[in-house]
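I opened this notebook to record what I looked up in the structure, entry by entry. The first entry starts from a single residue.

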Amino acid sequence: MNYCKISFYFLLSISISLFLISLKFLLKDLVYFIEWEVLSLQSMSIVMTFLFDWMSLMFMSFVLLISSLVIFYSNQYMEEDYNINRFILLVLMFVMSMMMLIISPNLISILLGWDGLGLVSYCLVIYFQNVKSYNAGMLTALSNRIGDVALLLAIAWMLNYGSWNYVFYLEMMSKNTEMMIIGGLVMLAAMTKSAQIPFSSWLPAAMAAPTPVSALVHSSTLVTAGVYLLIRFNVLLTDWWMGQFMLLISGLTMFMAGLGANFEFDLKKIIALSTLSQLGLMMSILSMGFYKLAFFHLLTHALFKALLFMCAGSIIHNMKNSQDIRMMGSLSMSMPLTCSCFNVANLALCGMPFLAGFYSKDLILEMVSLSYVNIFSFFLFFFSTGLTVCYSFRLVYYSMTGDFNSSVLHPLNDTGWTMLFSIFFLMIMAVIGGSMLSWLMFLNPSMICLPFNMKMLTLFVCILGGLIGYLLSNVKLFFTNKALYLYNFTFFAGSMWFMPVVSTIGVINYPLKLGLYSYKSFDQGWSEFFGGQMIYNQLKNYSLYLQEFQMNSLKIYLLSYMLWFIVLLMLVVLVN
């Protein structure tokens, strides 16, 4: 019995019902706080708390929608897998952990969901069970462990307040030293989960997972858990240096990922780096205090990024599991439906007017122009937007246009209706999702008054980025490999500012060498010399002496007899 269809209908029905409920909550401004007493013992009670507001309900409905479509998509994508039911169960466990995280106003139950996400994502990343997957899984799990430890420490610090339900006292206690420490720890946890610098290297590595996992986990759920947590704690970021620090780090992450994606040739890694760039955008606008905008972009990004991953999976499936974009080309001729959806997702990512990404990205950039930020942050925002369009058009050039470069003799076609159904459903959402959400979330439209030049700056940056991305990649204009001219820069930017190297070899190399030296000098050196070997030599020498005594020599017998006689005489003299 296949679990795919059952899970799909079940999750989709819950998703639609939750969306309708969230609309009611949003329009009536309702918040439901539910306390469930799990256990009561004498005067002590263990209470489970749930928080239902429009934000948690809408996020849950989006997560369930994407997960239902991903499960339906997996029915065909993973059809040759004997253990498909185990795969679906892992995805369902992941979704359950996510639900737990979303509706918890309590740091302990958040930790349960948070840890569940980390463990299940490890199982999903190592699903293909090869060396690359194992390495990626360990990097993912250990990077996320740092965040788990930070959350545990935050739980310990919350003992100062007598309750772990932070919702009640967060705003009132926001200026306390203890609460600032808790805020710092929560921010560290969010940075590890959302792969901000210096924890960025795990996200591209996690692309070793199956593509449906990438579409669900690494676009809309796992990586946005950190952003969601910070949205809940947004009071602690504003009017404090932590917010400014977060703005710098997330801006650099956005810039680094956008730059790295322009030098990458692995299709899934390009999309992973674009996810990282968008996460940086969410984090930076959140650290400026616009948490609703961050949430808005989180939802729209989830739609078009899941679509992008699904189309990429369909292409990889057809290319007989080749992910190198240099091997593609002219795919729009062979796979028109998939490629058109792919282009819609790409344009939504670039912020093409009236697609999902436009409403959130344009609003974010206009609010940045309107706000009080320094020139460096302003540059990072707009330059990263240009880079996003640049790598998107580069991707289109390599995969959609030109000549077919693949070496496989395989008839390319649009895959079966199962995968296409999920792709089409998400494409419709990627087209109408942004406008729908903007009308729902911002009931009273704000007037953003900017000079003409600043108003047009976003559009200008996008067009310029697209032109540069397409023309730099175009082989007909300039045949020599451009990367070879600036080899050191290419090496630096293309390897994510050496972060994967630093967070693997850099972290483990010196402790291992230290262990080797201490083992050689202590374990096999001084402690051996003064410990084991010395005791052995002493005992050996003593046994040789004893052997001499026990050799039945007459001299020794006479000598020992005389000594014993003298001792007895002395004893007799002493007694008398």
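**Entry 1: F342.** Is F342 buried or exposed? I worked from a predicted model, and there F342 is buried, with a relative accessible area of 0%. I placed F342 in helix α13, which spans residues 336-350. Leaving aside residues up to four places away in sequence, I listed its contacts as L267, L308, C311, A312, I315, L395, S399 and M400. I also looked up the C-alpha separation between F342 and M427, which is 8.8 Å for two residues 85 apart along the chain.

**Entry 2: cysteines.** C311 is itself buried, at a relative accessible area of 0%. I then checked C462, whose closest cysteine sulfur is that of C350, at 7.1 Å, again too far for a bond. C462 is also buried, with a relative accessible area of 13%.

**Entry 3: Q278.** I next asked which residues Q278 touches, not counting those up to four places away in sequence. They are H297, H301, K305, L349, K361 and T388. Q278 belongs to helix α10, residues 267-287. I noted its relative accessibility as 1%; it counts as buried because the limit is under 20%.

**Entry 4: backbone geometry.** Which form does the peptide bond from I197 to P198 take, cis or trans? I found that bond to be cis, with omega near 5 degrees. P198 sits in the loop that joins α6 (177-193) and α7 (202-205).

I then turned to phi. M496 has a positive value, near 50 degrees, although it is not a glycine. W497 likewise has a positive phi, near 55 degrees, and is a residue other than glycine. I located M496 in the loop between α18 (487-494) and α19 (499-549), and W497 is in the loop between α18 and α19 as well. As for accessibility, M496 is buried, at a relative accessible area of 6%, whereas W497 is partly exposed, at 22%.

**Entry 5: the chain as a whole.** I counted 20 helices and two strands in the chain. The radius of gyration is 32 Å, whereas a compact globule of 576 residues would have one near 25 Å. Along the principal axes, the C-alpha atoms fill a box of roughly 120 × 70 × 60 Å.

I recorded that 52% of the 576 residues count as buried. The accessible surface of the chain is about 27,900 Å², and carbon and sulfur atoms account for 70% of that surface. Among contacts between residues at least 6 apart in sequence, I noted that 80% join residues at least 24 apart. Finally, I looked up the charges: the chain has 24 positive and 22 negative ones, and their mean positions are 6 Å apart.

How values were computed. Residues numbered from 1 in each chain as written. Predicted model: local features only at pLDDT ≥ 70, side-chain atom pairs only at ≥ 80, totals over all residues. Heavy atoms only, no water. Helix = DSSP H or I, 4+ residues; strand = E, 2+ residues; numbered from the N terminus. Rg over C-alpha atoms; globule rule 2.2 N^0.38 Å. Buried < 20%, exposed > 50% of the residue type's maximum accessible area, 1.4 Å probe, protein only. Contact = heavy atoms within 4.5 Å. Areas by Shrake-Rupley, 256 points an atom, 1.4 Å probe, with all protein chains shown as cover. Lys, Arg positive; Asp, Glu negative; His and termini not counted. Charge placed at Lys NZ, Arg CZ, Asp CG, Glu CD. Disulfide = S-S within 2.5 Å.
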